[in-house]
Amino acid sequence: MANVNNIVMLGFGDMGKGIAQVCLMAGYNVTAVDISDEIIEKGLNYIKTGFEKLESKGKLPEGSSTVDYLAKLKTSKDIIEAVKEADLVIEAVVEKLDIKQNLCKDIIENAPEHCIFASNTSTMSITEIAEKCSKPENVIGMHFFNPAPLMRLIEVIKGDKSSEESIDIGVGVSKTLPCLRGERYIARVMKDRPGFIVNRVLSPRSIYFNYIIDLANEKGIPWEQVDADLTGPNTPMSLLTLADFTGRDISYHGQLYYGEKLSSDYKPGKVLTMQIEKGTLGKKTGQGFYDWSKGRPQPDLSKKAGLVNQEIFNAINANEGCRILEEGVATSWKVIDEAILAGMNFPGPMEYATKNYERLAKLLEETAEKLGKPYLKPCYLFKSGKFVDMI
Ligand code: NAI
């Protein structure tokens, strides 16, 4: 199996800078590539500040300093030149299929024979990203969670044509990448289906979420009150803060994609479409549901609007978990729960559903009817409770 020493981080935005940092922490040589000087500057600052903080807290390994780590980081705006000696390219550019496909093709043509191209796409098919390139066996998914230095999960995804060796290299490298908040959890995703494990299981929440925020908008209810409704227990950030943090454009493109691949019931709602048109994308533009211009918002969640039934979210998630078990993306409901805990810092939906699926399935039948969204109907494994034995 090829040794990995040189990693190219393609796209140095929100995700790219965090992934580059953990690659540096693991001791790899990293070249960060982006088309924007401003983004490169911001990424360098983020990494420098990150290492300085760790150093001041005495959290860098003995004998190493910020300067040593930064010496292994280069930046470039020329991807063709940057990949000449790359063993692994991790791609985190904008979530658009044609851009990813073209980059994948160019990189595979210009990088060494053994170079692996790993996409950090949140939703897209690895098989489709590899479609235009000459070595789809070298293309895999390596899906990190935001921010990569703090979130424990990496999903390593097998495209239809990825070789076992490429997957093993992806898993091997992922295991070496430190996480500042506990042990890394690597989930092997057995089949290339939209959203993989975590995002897929959580994806149909957007159908109910869109319904609620559109309803609240129509009724003129303040976002903080809707947020108080939407935010369940055990979540590190309120749900609308998280939506802003992730970026409304990421949600929009994701919903269009799921709308095309899984069901038109995913189509973005009115509020989301408005946010895209106005460019109020959340943290990255300084305004989303909340104002981010003075840092992370601290919404007052003391008053609820009373629009949301949290059990519907539980039912929707567990039902989707059963759908991916039916499709062979994962083979056990425990893996789904563990991946969600490691990727999102809140418990997965499956264990709870093993004891409550009959009631939850009934609730889903009613919700699908009320919202006019047939995709929310319970699938066979869920309704029958047969998933309970898939431990
Ligand atoms: P971002 O918009 O912050 O960063 C994307 C970067 O790609 C920008 O800096 C842009 O200048 C650069 N770029 C665009 N075209 C390029 C090209 N041709 N060559 C080089 N650089 C180019 O987006 P973000 O949030 O970092 O997302 C990037 C990818 O990571 C997407 O595929 C997204 O789905 C995925 N992802 C995002 C997560 C999140 O929470 N934001 C979580 C996990 C995955």
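An oxygen atom of the ligand is placed 2.8 Å from a polar backbone atom of M15, a polar contact being a pair of N or O atoms within 3.5 Å, where within protein one must be able to donate a hydrogen and the other to accept it, and residues adjacent in sequence count only if both atoms are side-chain atoms. The model is predicted, with local features needing pLDDT of at least 70 and side-chain atom pairs counting only at pLDDT 80 or more, while totals for chains, interfaces and linings use all residues. Residues are numbered from 1 along each chain as its sequence is written, and side-chain values use heavy atoms, with hydrogens and water left out.

Around the ligand there are 23 residues, the closest being M15, D34, E95, K100 and S122, where a residue is near a molecule or strand if one of its heavy atoms lies within 4 Å of it. A backbone N or O atom of D14 lies 3.0 Å from an oxygen atom of the ligand, and a polar side-chain atom of N146 is found 3.2 Å from a ligand oxygen atom. N146 is also joined to P147 by a cis peptide bond, with omega about -5°, and P147 belongs to the loop between β6 (139-144) and β7 (153-158); helices (H or I, at least four residues) and strands (E, at least two) are DSSP runs, numbered from the N terminus.

Strand β2 (residues 29-33) contains N29. With a relative accessible area of 33%, N29 is partly exposed, on a scale where buried means under 20% relative accessible area, exposed over 50%, and partly exposed in between (1.4 Å probe, protein chains only). Leaving aside its neighbours within four places in sequence, N29 is in contact with N5, N6, I7 and K72, contact meaning heavy atoms within 4.5 Å. With N6, the side chain of N29 makes a polar contact of 2.8 Å. Between the C-alpha atoms of N29 and I116, which are 87 residues apart along the chain, the separation is 15 Å.

The next part of the tour concerns empty space. Rolling a probe the size of a water molecule over the atoms shows where empty space is left. On a 1 Å grid over the protein atoms alone, a cavity is a set of points where a 1.4 Å probe fits but cannot get out, whereas a pocket is an open set with protein on both sides within 12 Å along at least five of seven lines, and lining residues have an atom within 4 Å of a point. Grid points are joined across faces, edges and corners, and a volume is the space filled by probe spheres set on the points.

By this rule there is one cavity of 30 Å³ or more, and the largest cavity holds about 30 Å³ of space. Its lining is formed by P204, I316, N319, E320, R323, L364, Y375 and L376, with helix α14 (residues 310-327) giving the most, namely four residues. These lining residues divide into five nonpolar, one polar and two charged, where Ala, Val, Leu, Ile, Met, Phe, Trp, Tyr, Cys and Pro count as nonpolar, Asp, Glu, Lys and Arg as charged, and the others, Gly among them, as polar.

S263 sits in the loop between α12 (248-261) and α13 and is buried, with a relative accessible area of 14%. A polar atom of the S263 side chain lies 3.0 Å from the backbone nitrogen of D265.

The second largest pocket has about 480 Å³ of space. The elements that give two or more residues to its lining are α14, α15 (333-344) and α16 (350-371). Of the 23 residues that line this pocket, N314, F346, P347, G348 and P349 lie nearest its centre, and the lining as a whole divides into 11 nonpolar, eight polar and four charged residues.

N345, in the loop between α15 and α16, has a positive phi of about 70° although it is not a glycine, and N345 is partly exposed at a relative accessible area of 30%. F196, in the loop between β8 (185-189) and α8 (198-202), is likewise not a glycine and has a positive phi of about 60°, but F196 is buried, with a relative accessible area of 0%.
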